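Dear colleague,

Please find below the structure that I am handing over to you, together with its sequence.

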Amino acid sequence: MPAAPGGPRLLLRRLREAMAEPVSPQARLDRIVTLIAANVIAEVCSVYVLSDDNTLELFATEGLNRSAVHLTRMRADEGLVGLIAKTAEPLSLSDAQSHPSFSYRPETGEEAYHAFLGVPLLRAGNTLGVLVVQNLTYRVYSEEEIEALQTTAMVLSEMIASGELQSLAPGAGSAARRPVSQRGVALADGIGLGHVVLHEPRIIVKQLIAENLEREVERLEEAIGEVRSAIDDLVERGDSIGTGESREVLETVRMFAHDKGWLRRMREAVHSGLTAEAAVERVQSDNRARMMRQSDPYLRDRLHDLDDLANRLLRTLIGTETNGTHRELPENAILVARSMGPAALLDYDRAFLRGVVLEEGGPTSHIAIVARALGIPAVGEIANATALCDAGDAIIVDGATGEIQVRPGPEIEAAYAEQVRLRARRQEQYRALRDLPAITRDGVAIGLQLNAGLLVDLTHLHETGAEGIGLFRTELQFMVAQRMPSAAEQQSLYEAVFAATGDLPVTIRTLDIGGDKILPYMPALEEENPALGWRAIRIGLDRPALLRVQLRALLRAASGRPLKIMFPMVATVDEFVRAKAIVDREKAHLRRHGYVLPSDCRLGVMVEVPSLLFQIDEIAKVADFLSVGSNDLMQFLFAVDRENRRVANRFDTLSVPALRAFRLIAQRAAAAGCPATICGEIGGKPLEAMALIGLGFRNLSMSPAAIGPVKAMVLGIDASAVAALIDAEMERSSDSASLRPVLTAFAKAHGVPI
């Protein structure tokens with residue numbers, strides 16, 4: 001049976017009139033189902049709304065028993081309505097009662113109806129309810145009728161999401177607002193309570209129904225052309241979309257921009273009576289709902305590409321700039337993003353930032369390292385994070401467990417508030433240890449230093465009682481700048497670092513860029529394996545002018561005081577010797593021109609490339625000190641990309657192979673009289689730090705928040721007992737075994753806080 005004359009467009013016009021009527025929400029909803037039933041010539045039209053207890057409730061009906069409204073409820077996976085809610089896809093049946101999922105509800109009086117058509121009410125890919133039409137006869141619904149119902153569903157979804165139905169029943173429409181709890185991966189410890197700020201705010205489509213259909217078609221076509229042209233230009237220039245995206249991703253986005261199916265669905269949505277913006281939003285919501293339910297991780301990852309493309313199209317239609325400043329924040333802001341680079345995070349006002357939630361990003365990613373340095377709780381790998389919440393939603397970030405709570409109930413909020421108070425008391429206990437030397441029970445002194453990269457980090461020296469800066473990352477200054485910092489600007493930063501640290505030692509690492517640390521003003525180099533490519537000291541040796549400018553700035557800034565310089569990503573002794581020769585030349589140059597040189601200049605190597613394990617005796621003879629970059633060392637040792645969530649957790653830093661590598665470095669450095677420090681992330685974890693002390697390391701560098709917990713552990717252990725335990729366990733354990741359970745049991749048995 002055909003739809004009524006006028007089809008979806010006529011229905012939308014009538015719906016717009018109904019939405020403007022000054023009536024109660026229930027009367028408006030009743031009017032809407034009557035209009036829909038008349039448009040598709042159906043005896044029944046019903047609206048089911050998903051509530052906060054995950055049940056579907058009948059909110060309005062034309063044709064079924066009106067007395068069943070707000071009484072008929074079913075589980076979200078029950079019956080045909082539940083099936084639609086679960087799959088987020090339309091369902092059209094000529095004989096509904098023969099379907100295995102059919103669920104008979106006698107109070108509705110629907111046993112007389114056979115034909116059934118239902119569509120999900122979607123918003124940002126999330127199901128808010130189900131819209132159903134039914135007929136007495138056995139019939140097949142046309143594509144036009146399905147399209148009409150899907151278009152109408154978008155209008156109903158916005159009505160539900162607005163909270164207009166809250167007065168009709170408890171929990172009404174709260175599927176869009178219900179509490180959400182998700183577990184991801186802990187990136188930075190701490191608990192943050194606040195409200196959502198979207199790093200890239202979603203475009204809110206306010207005008208859904210078209211006034212001038214022909215003009216909307218023109219606007220859509222013009223916007224598609226602009227977006228295609230912009231992406232083509234990006235591909236030709238080799239620029240990136242967002243942070244760290246490669247040419248391959250650009251090509252993928254360009255492919256989607258020319259996808260005929262995607263474009264056809266948007267054009268059809270406009271022809272059904274929607275505005276161009278509403279058409280883009282509806283098609284992307286359908287795509288998101290479908291792809292969120294895919295088991296294939298590759299297909300789920302493509303959702304990001306489609307989201308990016310849809311957002312670009314919406315911004316073009318509305319005239320919103322793609323990029324903008326993110327510096328201003330409301331109080332107690334929790335930043336939610338698909339992904340971010342360190343520079344983007346540093347662009348925000350940290351005084352108001354209480355936490356970070358990411359869809360991407362692992363524990364050893366650079367965004368995680370920066371979050372830990374700033375003391376900001378962070379959680380990564382939260383699927384669909386940007387669609388789970390709206391700007392301003394209450395949210396809790398648990399950086400210890402990797403959990404987030406969106407729109408939490410009062411009980412959960414109170415429980416986390418109590419946790420915050422407990423953590424505050426624990427921090428007070430750690431502060432009480434600030435002035436105590438970090439000495440084990442058997443008298444072994446352990447040097448605890450800070451990892452830093454910004455001047456703001458240096459304020460933690462006094463707060464924590466750290467003995468100096470074990471790693472100062474100079475690349476952050478380059479990453480947040482809009483152009484290459486001049487020699488004078490670099491020197492000014494280093495002078496400020498020395499002034500802030502006073503007599504405490506500072507180890508400064510030369511520029512470590514390349515791989516995933518791309519400077520915004522330098523052309524990105526396309527490499528098959530960036531982590532193994534042209535980066536760090538390799539760039540410095542191939543472009544010596546860049547390294548010389550930095551070294552000269554360091555030498556001049558350290559005028560008359562001790563200086564420690566460390567070179568990253570050194571793979572051979574020869575690379576260090578060449579870097580050392582550049583330092584000698586710069587010192588000679590400054591001496592000739594009458595500059596005061598550092599009182600003592602020590603040059604060290606960051607041990608993070610496994611090849612140095614087989615040159616450890618040689619490098620320990622020519623270097624003044626060694627610093628172990630455990631993040632990259634483990635990445636290369638186990639051939640595991642630390643940014644790849646599929647493989648990042650496939651090894652344990654306390655496994656026998658990893659511990660053998662660390663023990664080799666500690667023993668050979670000690671034999672050569674070359675000090676060795678751990679400056680990777682594992683040094684800031686109490687259990688791992690205990691193992692490192694047992695292996696022979698006496699200096700650890702870590703984030704400011706880790707100093708207190710690690711010092712408490714140091715004060716509670718007997719270093720010789722830990723060493724004996726590790727030696728014994730490594731002798732009898734298999735290569736694949738982890739000592740984590742044994743070390744954990746030891747710590748608990750001896751009352752060591754971990």
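Which strands does helix α4 lie across, and at about what angle does the helix run to β5? In this predicted model, helix α4, which comprises residues 143-161, lies across β1 (44-50), β4, β5 and β6 (126-135). Its direction is at about 40 degrees to that of β5.

The strands in question belong to an open sheet of six strands, arranged in the order β3-β2-β1-β6-β5-β4 with antiparallel pairing. At the edges stand β3 (73-75) and β4 (91-93), each of which pairs on one side only. With direction ignored, neighbouring strands of this sheet are turned by 20 degrees against each other on average.

As to confidence, the protein has a mean pLDDT of 85, and 88% of its residues reach 70 or more. Among the elements of the protein, the highest mean pLDDT, 98, belongs to strand β20 (residues 625-628), whereas helix α6 (residues 247-257) has the lowest, at 63. Over residues 1-5 the pLDDT stays under 50, and the model has 13 contacts beyond four places in sequence for them. Residues 239-246 likewise have a pLDDT below 50, and this stretch has 13 contacts in the model beyond near neighbours in sequence.

With kind regards

Definitions and conventions:
Residues numbered from 1 in each chain as written. Predicted model: local features only at pLDDT ≥ 70, side-chain atom pairs only at ≥ 80, totals over all residues. Heavy atoms only, no water. pLDDT = per-residue confidence, 0-100. Helix = DSSP H or I, 4+ residues; strand = E, 2+ residues; numbered from the N terminus. Contact = heavy atoms within 4.5 Å. Pairing = 2+ DSSP bridges. Axes fitted to C-alpha atoms, helices over the stretch in contact; angles between N-to-C directions.
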